[in-house]
Amino acid sequence: MSVVAAQSAGSPPIPQAPGAMPLLGHALALYRDPFAFLLSLRDHADDRGLVRIRLGWMPVYVVTTHERLHEVLVREGRKFEKGRFFQRLKGLAGEGLSTADGELHRRNRRLIQPMFSKERIAGYSEIMSRNARALSDSWQPGQQVDIYEAAASYAIDSIAMSLFGSEIGRPAVETIRTELPVLLDMLLKRAASPKMLDRLPVRYNRIFDRASQHLSGVIDEVITTARATGHMDDHDDLLAQLLREEDLDDVQVRDEVATLLFAGAETTASTLAWAWHYLAQHPVFGEQVVAQVREVVGDDRPVTIADVPRLTVLRRVLDEVIRLHGVTLLMRRNTDPVTLGDTTLPPGTEVAFSLYAIHRDPRLFGPDAHRFNPDRWLDPEVDSRKFTPFGGGNRKCIGDQFALAEATIAAAEILRVWQLTPAEGHTPQQVISAVARPDRIPMTVHRR
């Protein structure tokens with residue numbers, strides 16, 4: 001029975017977006033101009049906020065409003081599993097928290113959640129602060145820096161050092177710096193493309209498979225060394241905490257390490273880079289951020305976790321960046337009948353959503369929803385409850401506070417010392433990945 005035929009009696013069929021091609025469906029449109037395609041789906045959706053697309057032969061039902069998104073993530077959240085999209089990523093993250101379903105997901109979340117408590121994040125924040133100051137100290141006045149590359153290096157170092165925290169992880173950090181950006185660049189396209197394309201011996205697949213195998217192999221070596229040297233007895237980093245869990249074998253530990261790397265690196269790097277870019281384009285907001293950093297932190301002492309909630313202007317900037325350049329596409333598959341609006345979908349239906357598109361909805365964030373304006377968060381008419389950058393329900397990202405602390409500390413440390421000026425000749429472009437990251441952002445640094 002088709003999904004359309006199985007909907008609630010009397011409810012109209014869900015419309016299909018135009019432009020589907022034989023065999024490929026909408027995959028080519030998604031590949032060619034993913035941001036325009038995802039934004040266009042709102043225009044083709046019906047009054048229920050639903051529209052149908054095809055990835056290859058597979059029908060996918062896209063929710064385009066916050067009301068429908070809330071039903072998928074929260075109200076009906078326990079009736080969904082990760083589905084096809086995340087199954088395509090299991091070659092990288094195995095049965096880690098991002099891909100696991102059912103009882104395995106609930107068990108792993110219970111095990112890992114305490115590792116991101118306020119007390120733990122306070123400890124990790126010392127690593128973040130040291131790395132941010134080291135990045136700042138590495139620059140010379142007048143130097144041109146690719147801000148996205150610098151932010152990515154900082155983010156990878158911070159999550160890797162929080163994971164490994166000792167000399168056994170140093171070789172892994174170098175490999176992660178090299179291979180993780182390669183994998184992240186291809187991740188979404190790989191997950192959304194028809195599976196039959198994986199077997200083609202093209203350069204794209206060779207590079208992806210090589211990077212995946214190399215990264216997995218290095219993580220395995222780190223875990224083996226940690227076991228052999230009693231790392232879990234002498235350290236308290238994330239790896240040691242995972243190794244101490246009797247319910248996790250080495251394969252499961254590797255899966256969770258890989259998951260934390262993928263989830264923790266790109267979001268922070270993208271957020272930081274876009275924030276520095278926008279503040280250079282909007283110096284009034286930049287001056288407000290710097291003034292508050294100096295008021296709260298001073299001119300020289302390290303930014304600490306205690307400063308983070310007091311840097312309210314910077315938080316509005318980061319929220320605005322995440323709103324504009326957030327998670328591009330996610331999918332779920334229901335395990336039980338699910339009603340979205342007045343439409344019931346049978347088990348096995350693939351449902352997709354784009355936080356990137358929903359957070360640019362003028363009905364939620366006003367007619368200037370595509371424009372950078374941190375002051376919109378001061379407007380009482382803007383309902384911040386409809387801003388869900390880290391998801392919601394039982395699948396809400398457990399590392400949200402880690403990521404916010406990481407971005408806040410680095411942004412404050414850099415902006416207090418350096419004035420960033422856009423380099424001529426390049427306008428940053430969005431690149432499709434887990435989030436809408438920039439291609440590159442060359443800037444010249446000048447000491448304040």
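Which helix holds Arg107? Arg107 sits in α6, the helix of residues 102–112. Bear in mind that what you see is a predicted model.

Is Arg107 buried or exposed? Its relative accessible area is 19%, and the cut-off for buried is under 20%, so Arg107 counts as buried. If we set aside neighbours within four places in sequence, Arg107 is in contact with Asp247, Leu248 and Gln252. For Asp247, the separation from Arg107 is 140 residues in sequence, while the C-alpha to C-alpha distance is 9.2 Å.

Now to the helix packing, with α8 in two pairs.

Start with α7, residues 118–137, and α8, residues 147–164. Their axes come within 9 Å and cross at roughly 150 degrees. Angles over 145 degrees count as roughly antiparallel, so that is the label for α7 and α8. The crossing is right-handed. On the α7 side the contact is made by Tyr124, Ile127, Met128, Asn131, Ala132 and Leu135, and on the α8 side by Ala150, Tyr154, Asp157, Ser158, Met161 and Ser162. By class, that contact has eight nonpolar residues, three polar and one charged.

The second pair is α8 with α18, residues 400–417. Here the axes are 11 Å apart and the packing angle is about 130 degrees, and α8 and α18 are therefore oblique to each other. This crossing, too, is right-handed. From α8 the contact uses Tyr154, Ala155, Ser158, Ile159 and Ser162; from α18 it uses Phe402, Glu406 and Ala410. Five of these residues are nonpolar, two polar and one charged.

Terms used: Residues are numbered from 1 along each chain as its sequence is written. This is a predicted model: local features need pLDDT of at least 70, side-chain atom pairs count only at pLDDT 80 or more; totals for chains, interfaces and linings use all residues. Side-chain values use heavy atoms; hydrogens and water are left out. Axes are lines fitted to C-alpha atoms, for helices over the stretch in contact, and angles run from 0 to 180 degrees between N-to-C directions. Helices (H or I, at least four residues) and strands (E, at least two) are DSSP runs, numbered from the N terminus. Angles under 35 degrees count as roughly parallel, over 145 as roughly antiparallel, 65 to 115 as roughly perpendicular and the rest as oblique. A crossing is left-handed if the near helix is turned anticlockwise from the far one by less than a right angle, and right-handed if clockwise. Contact means heavy atoms within 4.5 Å. Ala, Val, Leu, Ile, Met, Phe, Trp, Tyr, Cys and Pro count as nonpolar, Asp, Glu, Lys and Arg as charged, and the others, Gly among them, as polar. Buried means under 20% relative accessible area, exposed over 50%, partly exposed in between (1.4 Å probe, protein chains only).
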